[in-house]
Amino acid sequence: MKITVLDCVSPDRLTEKYGPTGNHVIRWLSPALPEATIDTVHVAGGVPAPKPGEVDGIVISGSEKGVYDDTPWMAPLRAILEEYREAGTPVFGICFGHQIMADVWGGKAEKAHKGFITGAREFESPAGPVSAYVAHQDQVTDVPPNAQVVAGSDYCPVAALAYDFPAFSVQFHPEYNRGFTEDLIDMFGDQLMNADQIAEAKSTLDADVPAGLFGAQAAAFFRGNIPR
């Protein structure tokens, strides 16, 4: 099984300290999916995404960009998403990935009036409440007609989507940990939030976020949708 992570993050102070975002996703997913070979391509750096048939599954990472931004790499990403859907290639999206999948496949993502939200937040899921790290202002506001909401919260009603073709996505960041999230707040919080919002975000970091959050679900998604 070959899985490719489409890394949609441009280099910044966090990637300088922790490495490329695609590597975070690999470290998160690999323990739950040991039979897979997982690599990453930096689509935000202009590297083309693999074509259907060249890979068994795709993960789309988060990004500092929104689906409405005019970047050279986003139009090709939109086009390849349509190809993946037509070919039945399983696609799993995280944060920006969640948003652009919805936006391409008949829904809508946009800036939310609640402002930038980060730290740890609780979501309701079929398995009950779960805490996860988040970092976003954009949200899916219109659900695609072929998708079902499977997790949400008061501040983010569309926190996870399951499609009626091989696609699944989450607004939260299962690949994050506390240290990374705290550094994100320290490095970029003053550009995105006021002092009270920064203090509130930091106050959430003691939440009980499960190690390997959603890794088993993502692995089951790929195993269940890759032809044998």
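The largest nonpolar core comprises 48 residues, and those with the most contacts inside it are Val59, Phe92, Phe123 and Phe222. A nonpolar core is a set of buried Ala, Val, Leu, Ile, Met, Phe, Trp, Tyr and Cys residues joined through side-chain atoms within 4.5 Å; buried means under 20% relative accessible area and exposed over 50%, with partly exposed in between (1.4 Å probe, protein chains only). Apart from this core lies another, of 31 residues, among them Ala44, Val55, Trp105 and Ala167.

The model is predicted: local features need pLDDT of at least 70 and side-chain atom pairs count only at pLDDT 80 or more, while totals for chains, interfaces and linings use all residues. Residues are numbered from 1 along each chain as its sequence is written, and side-chain values use heavy atoms, with hydrogens and water left out.

Helix H7 (residues 215-225) has the buried residues Gly215, Ala218, Ala219, Phe221 and Phe222. Seen down the axis of H7, these fall within an arc of 155° (taken from the directions from the helix axis to the C-beta atoms), so they line one face of the helix. On the other side of H7, Ala216 and Gly224 are exposed. Helices (H or I, at least four residues) and strands (E, at least two) are DSSP runs, numbered from the N terminus.

Strand E4 (91-94) is among the elements covering the buried residues of H7. Its pairings (at least two DSSP bridges between two strands) are as follows.

| Strands | Bridges | Direction |
|---|---|---|
| E3 and E4 | Three bridges | parallel |
| E4 and E11 | Four bridges | parallel |

Val59 has Phe92 as its bridge partner in E4, and Gly93 stands opposite Ser169 in E11.

Conventions: Contact = heavy atoms within 4.5 Å.
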